[in-house]
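Let's take a walk through a protein fold together, one piece at a time. Have the sequence and the 3D view ready, and turn the view as you read.

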Amino acid sequence: MASSVLITGASKGIGAACASRLAQAGWTVFAGVRRQQDADKLVAATAGDIRPVRLDVSDEDQIGAAVAEIREVVGSTGLGGLVSNAGIGLPGPVEIVPVEDWRRQFEVNLFGAVALTRAVFELVRVADGRFVYIGSQAGRFSPAGMAPYAASKHALAALCESLWHEVAKTPMSVSLIEAGNVKTPIWDSATEQNDRVTAMLPDPRRADYASQMLALRGLAIDGAEHGITTERVVDKVEHALVAKRPKARYLVGPDARAIGGVVTRLPGPVRARIVAALTWRWARIGARASQGPRPARRDAQRGA
């Protein structure tokens, strides 16, 4: 039975698609957005009971204000669900990505999810509600240049597993959506970050990381062009919110099922060769896009 749900990162991509689907299905949707223009756009484009709330998950004051606003509306019925979707991607080599970028990555993708979970916990408990977290295949798989993002998603997976056990004897549930590549605007920001990190490379390191940076560019292009639709992810989010027996983990998309269900179970040397082959493929895509020299297969393998 539809009730109320808070969705973070609802201004675009997966979050906006979730907000639209659930509002049309009869939910009261509290849609977390960072800017008023995003709120106005979401309301204009969405049918149903959608209520934007200003919410930057890295800002504790905004979290407190948003939860207080929600409490005023839902009262004693509580909050039927939290869909923790807000996230950013900051790729780049471990040697090069500044520590402040690592902190920002975790502040949004992990600590924001933790802070929100704690802030709404009692409201969700009252409603016997559900916690749904948007993770990634990167929570199981971390190729070269993806350490900051993948580490944050690995950490989110650990959060979900512990929380699942902690609420196991209650009517509440916890689900992690582990999506593969999805056609969302996150790939635009990933390309921008890739350009920024490339510019940071000192001259002695440019050759060392050339194939890896091309691979990151190619991965973004490949994800934007061939990723699954957001609706495929929303299907699993909705299932996690309404099914009698929601799953603890949902692998969404053919790449997520291949990587999460097969590659991560293989012996280390075999897994390394597959990752190297993927890195080489992405590097070739990146090279074509930038009209740079195509990497030799052994260079991509060494970069992986």
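What you are looking at is a predicted model, where local features need pLDDT of at least 70, side-chain atom pairs count only at pLDDT 80 or more, and totals for chains, interfaces and linings use all residues. Residues are numbered from 1 along each chain as its sequence is written, and side-chain values use heavy atoms, with hydrogens and water left out.

Helices (H or I, at least four residues) and strands (E, at least two) are DSSP runs, numbered from the N terminus. Axes are lines fitted to C-alpha atoms, for helices over the stretch in contact, and angles run from 0 to 180 degrees between N-to-C directions.

Let's begin with the sheet. It is open and has 7 strands, in the order E3-E2-E1-E4-E5-E6-E7, with parallel pairing; two strands pair if DSSP finds at least two bridges between them. Strand E3 (50–54) and strand E7 (249–252) stand at the edges with a single partner strand each, so one side of each has no neighbour in the sheet. From one strand to the next, the twist averages 15°.

Now look at some of the pairs. E1 and E2 run parallel and are joined by 4 bridges, and Ile7 stands opposite Ala31 in E2. Strand E5 (residues 130–134) pairs with strand E6 (residues 173–179) in the parallel sense over 5 bridges, with Ile177 in E6 as the bridge partner of Ile134. E6 is also joined to E7 by 4 bridges, again running parallel, and there Ala179 has Val252 in E7 as its bridge partner.

Where do the side chains of a strand go? In a regular strand they alternate between the two faces of the sheet. In E1, Ser4 and Leu6 point one way, Val5 and Ile7 point the other way, and all are buried. Here buried means under 20% relative accessible area, exposed means over 50%, and partly exposed lies in between (1.4 Å probe, protein chains only).

Helix H2 (residues 36–45) touches strand E2 (28–33) and E3, and its direction makes about 175° with that of E3. H8 lies across strand E1 (4–7), strand E4 (81–84), E5, E6 and E7, running at about 160° to E5. In helix H8 (residues 230–242) you will find Thr230. Is Thr230 buried or exposed? Thr230 counts as buried because its relative accessibility is 16%. Leaving out residues up to four places away in sequence, Thr230 touches Gly13, Ile14, Ala17, Val182, Lys183 and Thr184.

Next, see how helices meet each other. Two packed helices are described by the angle between their axes and the distance between the axes. Helix H7 (residues 203–226) and helix H10 (residues 268–290) pack at about 85°, with axes 6 Å apart, and are therefore roughly perpendicular to each other. Residues making this contact include Leu214 and Ile221 of H7 and Trp282 and Ile285 of H10. By class, the residues of the contact of H7 with H10 are 9 nonpolar, 5 polar and 3 charged. (Ala, Val, Leu, Ile, Met, Phe, Trp, Tyr, Cys and Pro count as nonpolar, Asp, Glu, Lys and Arg as charged, and the others, Gly among them, as polar.)

H7 has another packing partner: helix H6 (residues 186–200) packs with H7 at about 170°, with axes 9 Å apart. That makes H6 roughly antiparallel to H7. The contact of H6 with H7 has 8 nonpolar, 4 polar and 3 charged residues.

Finally, find Trp164 in helix H5 (residues 147–166). Trp164 counts as partly exposed because its relative accessibility is 38%. Trp164 and Phe131 are 33 residues apart in sequence and 9.2 Å apart in space, C-alpha to C-alpha. Not counting residues up to four places away in sequence, Trp164 touches Val174 and Ala248.

Terms used: Angles under 35 degrees count as roughly parallel, over 145 as roughly antiparallel, 65 to 115 as roughly perpendicular and the rest as oblique. Contact means heavy atoms within 4.5 Å.
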